[in-house]
Amino acid sequence: MFTDQLAETAPVPRLAVTRVGVTGHRVIPPSVLPYVRSALHRHLSRTDVALEALSSLAAGTDQLFADLALAHGVPVTAVIPGMDYEAHLGDEAARASYRRILRRCAKRVELPVQPTHEQAYFAAGQWIVERCDELLAVWDGRPARGLGGTGDVVAYARQIGVPVTVLWPDGALRD
């Protein structure tokens, strides 16, 4: 007698996707940069879950995070504030880096125009926080210097219960 038998196989485990957002200073002091780079590398090297990175691609922290994510094979979603964003990114090197990273992003989200640049920055930070499972903050712990700054985004994440990991060496100052 012939019987069809299906091989008993264990189900293939599916890795969960963890969305990791970033917020941080545009200028990272040279003395702090190795610490930040190493901490970001550790977070992006996780093998227990599949990662997706969310970044606004601003100069400094956002671009560093996105570059490292891409180097680790982590897809990046670019969250573009609702304003003439590229024109306000800083010098030509920051704008060129933005364009280079943006071309490599898996997704691009363009947010609605806001009345002011600061409101556009904060809206982008809120969008990231509301969609991430974890927020990495390259933050010196001081209040934001304007609406939408790192301190505001961290406060918002904590307010709505998104876990925040601060990546900043004790005692280090920004300026």
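**View 1. Helix H4 (117-131) and the largest pocket.** H4 gives the most residues to the lining of the largest pocket, with 5. The model is predicted, so local features need pLDDT of at least 70 and side-chain atom pairs count only at pLDDT 80 or more, while totals for chains, interfaces and linings use all residues. Residues are numbered from 1 along each chain as its sequence is written, and side-chain values use heavy atoms, with hydrogens and water left out. The largest pocket holds about 480 Å³ of space and is lined by 30 residues. Nearest its centre lie Gly24, Arg26, Gly148, Gly149 and Thr150. S1, H2, helix H4 (117-131) and helix H5 (150-160) are the elements that give two or more residues to this lining. By class, the lining has 13 nonpolar, 11 polar and 6 charged residues. A pocket is an open set of points on a 1 Å grid over the protein atoms alone where a 1.4 Å probe fits, with protein on both sides within 12 Å along at least five of seven lines; lining residues have an atom within 4 Å of a point. Grid points are joined across faces, edges and corners, and the volume is the space filled by probe spheres set on the points. Ala, Val, Leu, Ile, Met, Phe, Trp, Tyr, Cys and Pro count as nonpolar, Asp, Glu, Lys and Arg as charged, and the others, Gly among them, as polar. Helices (H or I, at least four residues) and strands (E, at least two) are DSSP runs numbered from the N terminus.

**View 2. The largest nonpolar core.** This core has 36 residues, of which Leu40, Leu57 and Phe65 touch the most other members. At least two residues each come from strand S1 (17-24), helix H1 (33-44), strand S2 (50-55), helix H2 (61-71), strand S3 (76-82), helix H3 (92-104) and strand S5 (134-138). H2 gives the most, with 6 residues. Leaving aside residues up to four places away in sequence, Leu40 touches Leu64, Phe65, Leu68, Leu136 and Leu167 (contact: heavy atoms within 4.5 Å). A second, separate core of 14 residues includes Leu111, Trp127, Val153 and Tyr156. A nonpolar core is a set of buried Ala, Val, Leu, Ile, Met, Phe, Trp, Tyr and Cys residues joined through side-chain atoms within 4.5 Å. Buried means under 20% relative accessible area, exposed over 50%, and partly exposed in between (1.4 Å probe, protein chains only).

**View 3. The salt bridge between Arg19 and Glu52.** The closest N and O atoms of this pair are 3.1 Å apart. Arg19 lies in strand S1 and Glu52 in strand S2, so the pair ties together parts 33 residues apart in sequence. Arg19 is partly exposed, at 34% relative accessible area, whereas Glu52 is buried, at 11%. A salt bridge is a side-chain nitrogen of Lys or Arg within 4 Å of a carboxyl oxygen of Asp or Glu; the count by this rule is 11.

View 4. Arg100 pairs with Asp67 in a salt bridge, with the closest N and O atoms 2.9 Å apart. Arg100 lies in helix H3 and Asp67 in helix H2, so this bridge ties together parts 33 residues apart in sequence. Arg100 is partly exposed at 33% relative accessibility, and Asp67 is partly exposed at 25%. In the salt bridge of Glu86 with Arg99, the closest N and O atoms are 2.4 Å apart. Glu86 lies in the loop between S3 and H3. Salt bridges that share partners join Glu86, Glu92, Arg95 and Arg99 into one network.
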